[in-house]
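Good morning, everyone, and thank you for making the time. I would like to walk you through one structure slowly, taking one part after another, so please have the picture in view as I speak.

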2 protein chains.
Amino acid sequence: MQDGPVIAAVAALLGDPARANMLTALMDGRALTVSELGEVAGVALPTASGHLAKLEAAALLTVERQGRHRYYRLSGPDVATVLEGLMGLAERTGAARARTGPRDAALREARVCYDHLAGERGVLLLRGLVARTWIDEARPGLTDAGRAGLTGLGLDTAALERGRRPVCRCCLDWSERRSHLGGALGAALLGHVLGCGWAARGHGRIIAFTPDGARAFVETFGPEG
Amino acid sequence: MQDGPVIAAVAALLGDPARANMLTALMDGRALTVSELGEVAGVALPTASGHLAKLEAAALLTVERQGRHRYYRLSGPDVATVLEGLMGLAERTGAARARTGPRDAALREARVCYDHLAGERGVLLLRGLVARTWIDEARPGLTDAGRAGLTGLGLDTAALERGRRPVCRCCLDWSERRSHLGGALGAALLGHVLGCGWAARGHGRIIAFTPDGARAFVETFGPEG
DNA sequence: AGGATGCTTCGGCTAGCATCGAAGTATGCA
DNA sequence: TGCATACTTCGATGCTAGCCGAAGCATCCT
């Protein structure tokens, strides 16, 4: 017949309120877990899991496994475009908006992710190293400038690059919804931060920076100078 | 909550195969009747009627009543845009295409619509008069050039413009899916065509042009010269 | 190793909706 | 006026799919 049924299959996926809630929650490009998406959609976890599996099978979402979490994000900007178009069509009848709530502030600021720094500081770290061209985000690895800078801080870059473990690994951050620095370098730099006394491990996964430590951290690794 | 449900309502409308077939059939901007849309969707007439009522209520379609027909068309280009976007997303899985079949050739070429010319010739007539600036399509009515030209053909334009009936009326053509010329002028010109012997009424609504008549018709009213 | 967390799979329940036949309304044709 | 066509409304049917609880797997933490 026509191509009606093929677009109907996609549209039907967007036509369920729970799935639509999930997709709109992902429209800012962040990645969310199954539980979180289930919450924003107002459905139980098994239901959310089923919905997300369908959306992934239709290539509307991509998934990144991260430990026991599964982070879903929109598979591309064209998905968001269609969603915006639908919102435009829907405005011919009515619309509404709202925002979500707060979370644990300390965890969001800095915490440990496996063995490296996560949260606001972790994201800042990755951005800073990229801005200083110490590492290359596109093809992850140290640059010459990076080797020099890190050696100046007392790190053994040769040992880092000899190991089996990837030096740089971008790791999705659950609070910032951006990548932070993982891999061997991430672990080494967390050790550096703790070793310099800039921060200490707090309750649970929390990393508590001292005021001086935060200042030094930004000066050393932050995007600015 | 979020605006998920509002987009879900629209998407759910596009998510039914029958409705999606109808919408894709309308994507070229033509207008189709309930019966025809039911046929392309593969559903019975009551089903089609219900679907179209929903699509109209959601402002995705607009309807034009014309006698006992109801012509549905997309309510705007943004609807087509979203549909195309959905087709794009659907291509990540698979797609298909096809075209519809033929119809009665004579009826499509020329027929009477109420009291004026319809079909291929009728559409050509409207386009020709507009191209010759005899009439103004935007604000329907005769121009000075039109009065002169029509008077030269022996028509009483003053009488036309005195009557209660609108002189120019754009009438949707079911075979060409474009407007043809209706109104008092349309009726008068059909009379002219028949009076000149360019064509004669055939079986049913058919208007049968003679070869010479067709040539004269195009020379007199066609877009060229 | 044991317990906790995150997620998936399975089974059964339920609601919503697409579908069509039959009857009713409106319009056009003779 | 009577018949045919185009469409709508009504009522009944049947199927699909969303939904959750319970159980099972995987991963992380201690």
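Predicted model: local features only at pLDDT ≥ 70, side-chain atom pairs only at ≥ 80, totals over all residues.

Let us begin at the DNA. Around DNA strand D there are 20 residues, and the closest of them include A:Gly67, B:Thr33 and B:Ser49. Which helix gives the most to this surface? That is α4 of chain B, which contributes six residues, while α4 (45-57) of chain A, and α3 (34-41) and β3 (69-74) of chain B, are among the elements that each supply at least two. Sorted by class, the surface near DNA strand D holds nine nonpolar, seven polar and four charged residues.

Now to the sheet in chain A, which is open and has three strands in the order β1-β3-β2, paired antiparallel. Because β1 (32-33) and β2 (61-66) of chain A stand at the edges, each with a single partner strand, one side of each has no neighbour in the sheet. Two bridges join β1(A) to β3(A), and A:Leu32 has A:Tyr72 as its bridge partner in β3(A). Against this sheet packs α4(A), touching β2 and β3 of chain A, and its direction makes about 120 degrees with that of β2(A).

Leaving aside neighbours within four places in sequence, B:Leu86 is in contact with residues including A:Ile7, A:Val10 and B:Leu14.

Methods:
Residues numbered from 1 in each chain as written. Chains lettered and ligands numbered in written order. Near = placed C-beta within 6 Å. Helix = DSSP H or I, 4+ residues; strand = E, 2+ residues; numbered from the N terminus. Nonpolar A, V, L, I, M, F, W, Y, C, P; charged D, E, K, R; others polar. Pairing = 2+ DSSP bridges. Contact = placed C-beta atoms within 7 Å. Axes fitted to C-alpha atoms, helices over the stretch in contact; angles between N-to-C directions.
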